[in-house]
Amino acid sequence: MRNQSRQTPGRAAAACLLCVLTLGLVCAGRVCAHGIGVDGDLIRVFTVRNYFYYDPNYEMNMDVPNLRDPKHSEGAEQINKEVDAFTAKLAEAFHEEQEALGDKGHGAIFVEYDILRNDENWFTLRLTVNRIAGSSDTYYKLYHLDRKTGKLITFSDLFCSPEYRSIIRQDILNQMQQRMAQDDTLVYFTGEENPWEIPADQNFYWNDKGHLVILFDKYVVSPGSMGTPEFAIDPKTLCSILKPEYQEFLSQ
């Protein structure tokens, strides 16, 4: 929930309030109940910082999480450093724009986070960035930890086949065509006039049904009115391209 309090309007860099907060334990709902982990080895996540600013033309509210991993601290600390750097860069860019445009400009940025998975095998943290500057934009930063090794995992780390990007892209194109055939209000970019690719650092997460879910930022594969589309990849599509150590997720 966004902070509803308002500060006295002022100039840009002088008015950034950096609040250090220690809130509650945040866990994925399927492995935690009322914020109490069922396993002491689960990763704990706290909001440790909040970047907040408000005046009539500009607004910023960004929550910054911090991870504590009782099993493998190195990977969690790496995520903490990356998240700190990422949010600090967003705050800096916000103030640079504010100073450059002054009272002639308008803008806002909000960052929230949630935990998509937190169990003995896997952890996923998602940052959602909403930026308003003339038009609105929404994009994600996801961080994954293999809990068995403590290592950060990117999309390309999941696969043993060099063809994984083209195979998954085709699966998504098929889903787009099916969705549009069933609902003529839906629009996805499926033609050569709007090319898009699956990058090596594509945003993804594992859902509770054992599906690898691909999520796209706003405007990447569809008009802005479509928001941030997600596509669950059929486990049968992944069997031949997924590394053996991650095959177990397909049956969960």
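This is a predicted model: local features need pLDDT of at least 70, side-chain atom pairs count only at pLDDT 80 or more; totals for chains, interfaces and linings use all residues.
Start with helix α1, residues 73–101. Just after α1, G102 has a positive phi of about 60°.

Which residues of α1 are buried? They are G75, A76, I79, N80, V83, F86, T87, L90, A91, F94, H95 and Q98. What do these buried residues pack against? Six strands come up here: β4 (44–54), β5 (58–68), β6 (107–118), β7 (122–133), β8 (135–146) and β9 (151–152).

Now the sheet. Three strands make an open sheet, in the order β10-β11-β12, with antiparallel pairing. The edges are β10 at 204–206 and β12 at 230–233, each of which pairs on one side only. From one strand to the next, the twist averages 25°.

As a reminder, strands of a sheet pair through backbone hydrogen bonds, either parallel or antiparallel. In this case β10 pairs with β11, residues 212–215, over three bridges in the antiparallel sense. For one of the residues involved, Y205, the bridge partner in β11 is V213.

Which helix packs on this sheet? That is α2, residues 164–182, which touches β11 and β12. The direction of α2 makes about 120° with that of β12.

How values were computed. Residues are numbered from 1 along each chain as its sequence is written. Side-chain values use heavy atoms; hydrogens and water are left out. Two strands pair if DSSP finds at least two bridges between them. Helices (H or I, at least four residues) and strands (E, at least two) are DSSP runs, numbered from the N terminus. Axes are lines fitted to C-alpha atoms, for helices over the stretch in contact, and angles run from 0 to 180 degrees between N-to-C directions. Contact means heavy atoms within 4.5 Å. The expected span of a helix is 1.5 Å times one less than its number of residues. Buried means under 20% relative accessible area, exposed over 50%, partly exposed in between (1.4 Å probe, protein chains only).
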